[in-house]
Amino acid sequence: MMKKAIVALACALVAPVAFAQTSTTTEPATTTQTTSTTYTAGTVTTYEPGRTVVVKGEQGPVSFALGTAARVVNGAGKIVTAPLRAGQKVRVYYSGPERERVVERVVVEDQD
């Protein structure tokens with residue numbers, strides 16, 4: 001009788017552990033992407049205000065689409081209101097890969 005009581009007690013203690021459900025929580029994966037700003041320096045060959053600017057640099061001519069956030073500034077950071085002219089030296093700062101470039105600002109290096 002004593003053995004049966006000990007076995008029954010042991011089974012009673014082991015059963016909750018054996019049949020216990022475990023819960024698993026998974027956190028959603030997060031990725032961090034860093035974007036760096038790059039620039040192309042050269043001379044303006046073509047300029048359409050608010051649309052595009054083509055800059056001829058060391059790699060040849062590069063076309064940039066100008067979005068609404070793109071600013072044209074001088075070396076001191078002040079907004080330039082005069083349109084860019086062919087032959088003007090500029091630096092076009094952008095981020096993103098070639099097909100998805102986002103122009104942040106165009107810095108006019110020489111101004112008359």
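This is a predicted model: local features need pLDDT of at least 70, side-chain atom pairs count only at pLDDT 80 or more; totals for chains, interfaces and linings use all residues.

Modeller: We begin with a term: a salt bridge is a side-chain nitrogen of Lys or Arg within 4 Å of a carboxyl oxygen of Asp or Glu.

Biologist: What makes the pair of E109 and R91 a salt bridge?

Modeller: The N to O value between the two side chains is 2.5 Å. The cut-off is within 4 Å, so E109 and R91 qualify as a salt bridge.

Biologist: Where in the chain do E109 and R91 lie?

Modeller: R91 belongs to strand β5 (residues 89-95), while E109 is in the segment after β6 (102-108). They are 18 residues apart, and the pair links distant parts of the chain.

Biologist: Why is E109 called partly exposed?

Modeller: Its relative accessibility is 42%. Buried would need under 20% and exposed over 50%, so E109 falls in between and counts as partly exposed. R91, at 26%, also counts as partly exposed.

Biologist: Why is S95 called buried?

Modeller: S95 has a relative accessibility of 13%. The limit for buried is under 20%, therefore S95 is buried. Its place is in strand β5. Over the protein, buried residues make up 23% of the 112 residues.

Biologist: How do you know that S95 and E104 make a polar contact?

Modeller: Their side chains come to 3.3 Å, and the cut-off for N or O atoms is within 3.5 Å, so the pair counts as a polar contact. Leaving aside residues up to four places away in sequence, S95 touches S36, E100, R101, V102 and E104.

Biologist: What makes β3 an edge strand?

Modeller: Strand β3 (60-65) pairs on one side only, as does β4 (71-74). The six strands form an open sheet in the order β3-β2-β1-β5-β6-β4, with mixed pairing. On average, neighbouring strands are turned by 40° against each other, direction ignored.

Biologist: How do you know that β2 and β3 pair?

Modeller: Two strands need at least two bridges to pair. Strand β2 (residues 52-57) and β3 have six bridges, so they pair, and the sense is antiparallel. In one of these bridges, G57 has G60 in β3 as its partner.

Terms used. Residues are numbered from 1 along each chain as its sequence is written. Side-chain values use heavy atoms; hydrogens and water are left out. Helices (H or I, at least four residues) and strands (E, at least two) are DSSP runs, numbered from the N terminus. Axes are lines fitted to C-alpha atoms, for helices over the stretch in contact, and angles run from 0 to 180 degrees between N-to-C directions. Buried means under 20% relative accessible area, exposed over 50%, partly exposed in between (1.4 Å probe, protein chains only). A polar contact is a pair of N or O atoms within 3.5 Å; within protein, one must be able to donate a hydrogen and the other to accept it, and residues adjacent in sequence count only if both atoms are side-chain atoms. Contact means heavy atoms within 4.5 Å.
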